[in-house]
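Reader: Please take a close look at the ligand site and describe what lines it. I would like cut-offs given with the terms.

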Amino acid sequence: MGYEPGTAPEPVTLLIGEISEELMTIGESRAEYRIFDGISLDTARKTIGIGGIVFNVRPIIFRQLKDADAVALFICTAGPLIGEMSRKCMQEGDLLKGYVYDVIGSEIVENAADRMQEDIRETALSAGKKITNRFSPGYCGWDVAEQHTLFTFFRNNFCGITLTESALMNPVKSVSGIIGIGAGVRFAPYQCNMCDDKNCIYRNRKTKV
Amino acid sequence: MTELLEKISSCVEYGKVDINSPYPPAMKGQEGAFELTRQALDAGINPGEILEEALIPAMSRVGQKFSRNEIFVPQMLMAAKAMNSSMIHIRPYYLSGQTKRRGTFIIGTVTGDLHDIGKNLVAMMIEGAGWEVLDLGVDVSTEKYILAAEENPGAVIGLSALLTTTMENMRKTVAILKEKFPETKILVGGAPVTAEFCERIKADFYSPDPQGAVDYLKTIA
Ligand code: B12
């Protein structure tokens with residue numbers, strides 16, 4: 001939300017506690033990934049091919065993936081309920097509560113993605129490999145519309161995520177993307193260094209809540 | 001008199017809704033925007049004066065602090081809630097025509113986009129600046145904007161988009177609106193939108209935050 005630790009006003013911290021507890025018991029988040037070996041990397045075009053299907057990930061992400069010999073494609077969601085609860089609060093005039101639901105929803109999907117990433121990391125590790133950070137269409141120059149290509153790998157996904165024509169995932173609290181796997185890839189502990197979006201609120205988020 | 005107005009103003013600024021609201025701690029147990037506005041009206045203060053001298057300046061301070069990153073979205077929402085509690089008493093005077101608004105602002109998130117938090121914040125702050133706000137919601141088709149513009153001649157229109165894909169829909173909607181209503185001012189915003197994009201699609205104004213939109217509206221009404 002932007003606050004330095006310990007500086008958020010009381011109703012905000014109270015609501016965060018209350019809603020986190022409520023949502024903990026619901027546990028609707030889901031993640032799904034598929035690992036593909038035998039990928040083709042085109043250094044000139046900065047693209048990654050999986051069985052004839054090509055992702056135009058652009059230079060920033062390509063640089064991170066260029067040493068991979070496999071990739072994991074993933075989709076992940078916090079589920080539909082959280083968005084509905086947020087909207088309901090907003091409509092009833094409880095804007096603050098609606099907003100806290102919204103922010104926690106983002107946090108839930110990010111956490112689910114973290115756990116999924118950990119799972120992929122362990123799988124890779126058992127084969128003596130490492131993983132990169134996760135990258136999403138719509139970030140670092142990768143066209144958000146390429147989610148359409150990504151979703152061809154997840155027809156009938158058990159996460160229940162659908163994609164609109166405008167490449168918006170429904171439920172809104174969802175993320176999609178790619179992770180590189182290989183003996184020679186690197187995990188960047190501070191991902192923001194490789195991106196140049198100065199307006200991104202995730203920048204420096206480690207120090208803020 | 002002015003003391004009461006000042007009190008109302010700081011209640012709104014700090015999100016003190018009514019006597020029961022525990023926030024901010026320093027105002028615990030004290031009357032809030034709801035009670036004080038009633039008192040002001042009962043004391044014969046003109047509703048327009050409450051609006052101009054207390055509510056609008058309070059929301060403007062809130063918007064400025066938000067622009068400077070001194071407060072964040074939750075405090076802006078709390079202020080808006082306090083403002084709304086005050087408006088419960090003032091709204092009837094709008095309906096009777098005794099108090100006038102600065103104009104009408106139509107806002108919506110463009111076709112294909114479901115994001116609404118940012119748009120809601122803009123709507124709230126513009127309402128707080130004394131405008132009547134017509135919120136068309138999310139995934140708003142060009143036809144809906146056209147209908148609203150026809151029903152509200154002279155209204156200003158705001159469009160929000162949060163994905164680069166839906167920015168394309170924003171461009172299309174703006175083009176059609178400008179063709180049909182060349183005089184209508186159009187504001188655009190949302191995370192991926194820029195001033196440069198605004199210029200390219202021939203919208204009138206871009207702001208990265210609500211206060212910029214409020215400041216712009218002041219220059220045209
Ligand atoms: C939190 C977040 C998420 C969360 C929650 C998403 C949600 N919408 O609820 C999660 C993690 C789920 C997520 C997912 C994704 N996200 Co995201 N996300 C964000 C983030 C960091 C903040 C968005 C937010 O809630 N902001 C808070 C609100 C209050 O701000 P706001 O809506 O921008 O509104 C303010 C201003 O823009 C302005 N404003 C808004 N409308 C208007 C209108 C007018 C007229 C005016 C004057 C002003 C104005 O005023 C508001 C108040 O200040 C932004 C980056 C950023 N810094 O904004 C990316 C961002 C929106 N996401 C982005 C992307 C790409 C995605 C994904 C597609 C990634 C992926 N492949 O998984 C998915 C899509 C999800 C989906 N359902 O399809 C991109 C979108 C741009 C693009 N490339 O298309 C952004 C901009 C990040 C980036 N790359 O720069 N995301």
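Author: A residue is taken to surround the ligand, or to be near it, if one of its heavy atoms lies within 4 Å of it. Residues from chains A and B surround the ligand, so the site is shared between chains. The model is a predicted one, in which local features need pLDDT of at least 70 and side-chain atom pairs count only at pLDDT 80 or more, while totals for chains, interfaces and linings use all residues. Residues are numbered from 1 along each chain as its sequence is written, chains are lettered from A and ligands numbered from 1 in the order in which they are written, and side-chain values use heavy atoms, with hydrogens and water left out.

The shell around the ligand holds 44 residues, and the closest are A:Met169, A:Lys173, A:Ser176, B:His115 and B:Ser160. By class it has 26 nonpolar, 14 polar and four charged residues. Here Ala, Val, Leu, Ile, Met, Phe, Trp, Tyr, Cys and Pro are nonpolar, Asp, Glu, Lys and Arg are charged, and the others, Gly among them, are polar.

A backbone N or O atom of A:Met169 is 2.6 Å from a ligand oxygen atom. In chain B, a polar side-chain atom of B:His115 lies 2.8 Å from a nitrogen atom of the ligand, and a backbone N or O atom of B:Ala191 lies 3.5 Å from an oxygen atom of the ligand. The elements that give two or more residues to this shell are helix 4 (95-126) and strand 9 (174-182) of chain A, together with helix 5 (117-128), strand 3 (156-160), strand 4 (186-189) and helix 9 (210-220) of chain B. Helices (H or I, at least four residues) and strands (E, at least two) are DSSP runs, numbered from the N terminus.

Leaving aside neighbours within four places in sequence, B:Thr109 is in contact (heavy atoms within 4.5 Å) with residues including B:His115, B:Lys119 and B:Ser160. B:Thr109 has 1% relative accessibility and counts as buried, a term for under 20% relative accessible area, with a 1.4 Å probe and protein chains only.

As for the two chains themselves, 23 residues of chain A are in contact with 22 residues of chain B. On the side of chain A, A:Leu95, A:Ser166 and A:Leu168 lose the most area to chain B, together 28% of what that side buries. Buried area is the accessible area (1.4 Å probe) that two parts lose on being put together, summed over both. Between chains A and B it is about 1,800 Å², and carbon and sulfur atoms give 74% of it.

Notes
A polar contact is a pair of N or O atoms within 3.5 Å; within protein, one must be able to donate a hydrogen and the other to accept it, and residues adjacent in sequence count only if both atoms are side-chain atoms. Buried means under 20% relative accessible area, exposed over 50%, partly exposed in between (1.4 Å probe, protein chains only).
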